[in-house]
Amino acid sequence: MARFDPGPPSVELPDPAAAEPGAEILALGSAIDPSLMLAGYRRGLFAMPWADDLIGWFSPDPRGVLPLENLHVSRSLRRSMRRYRVSVDEHFPDVVAACADRARPGHWITAEFELCYRQLHHMGWAHSIEVWDGPQLVGGLFGVEVGGLFAGESMFHAATDASKTAMVALVQILAAAGGQRLLDVQWWSPHLGTMGVVEVGRPEYLRQLAAVAAVPAAFDSAAPGD
């Protein structure tokens, strides 16, 4: 997949390596765009809305990551997966819209962020995995891939284990591409912990990020419908 590079960001983002241990929000801003988002991922930061229409640049310490070899697929999940079909990058806007549903608990994806992710998708940086039960989209996830980093942003499900099915498909794509990979899920949660997500300190996360910077992107060889 051809990628369009939007160029350098208009502002300089902070260096997480210089942050106080345990600090999460390292900067506040008022706007985002694709160049800023990509610069953040490359530095080990990601953006989320904050209070009073501000945007926070986050570097959690510790950080939730899923080592590919850690993936745990339970027997019940394997049964659920048999009923679903998985596609790649076929309905990116629909996945983001489902994740941005304002009725969801913990809703955080604003119209500004939704637009930015769609722009990154058109530029070849953001990707989605869709999970189908017959003709119905029942789950999925999306994120941004920069080199060997896949930064998972959000997932949703409208049927049992549909979001976990999307996560399994994502790990399969990354593993099949070979090379060292860093699958960033931002924060550990009990839901993600059941799949093998662990926490790493900021120095270790930044070390892993640097190690995968030059790795070719996995989704360049992942065809829709895989």
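The model is predicted, so local features are given only at pLDDT of at least 70 and side-chain atom pairs only at pLDDT 80 or more, while totals for chains, interfaces and linings use all residues. Residues are numbered from 1 along each chain as its sequence is written, and side-chain values use heavy atoms, without hydrogens and water.

Begin by selecting the open sheet of seven strands, whose order is β5-β6-β7-β8-β9-β4-β10 with mixed pairing; strands are DSSP runs of E with at least two residues, helices runs of H or I with at least four, numbered from the N terminus, and two strands pair if DSSP finds at least two bridges between them. At the edges stand β5 (85-88) and β10 (198-200), each with a single partner strand, so one side of each has no neighbour in the sheet.

Next, select β6 (residues 126-133) and β7 (residues 136-146), which run antiparallel and are joined by eight bridges. Within this pair, E130 stands opposite G140 in β7.

Finally, move to strand β1 (residues 25-29), where L28 is found. At 49% relative accessibility, L28 counts as partly exposed, a class lying between buried (under 20% relative accessible area) and exposed (over 50%), with a 1.4 Å probe and protein chains only.
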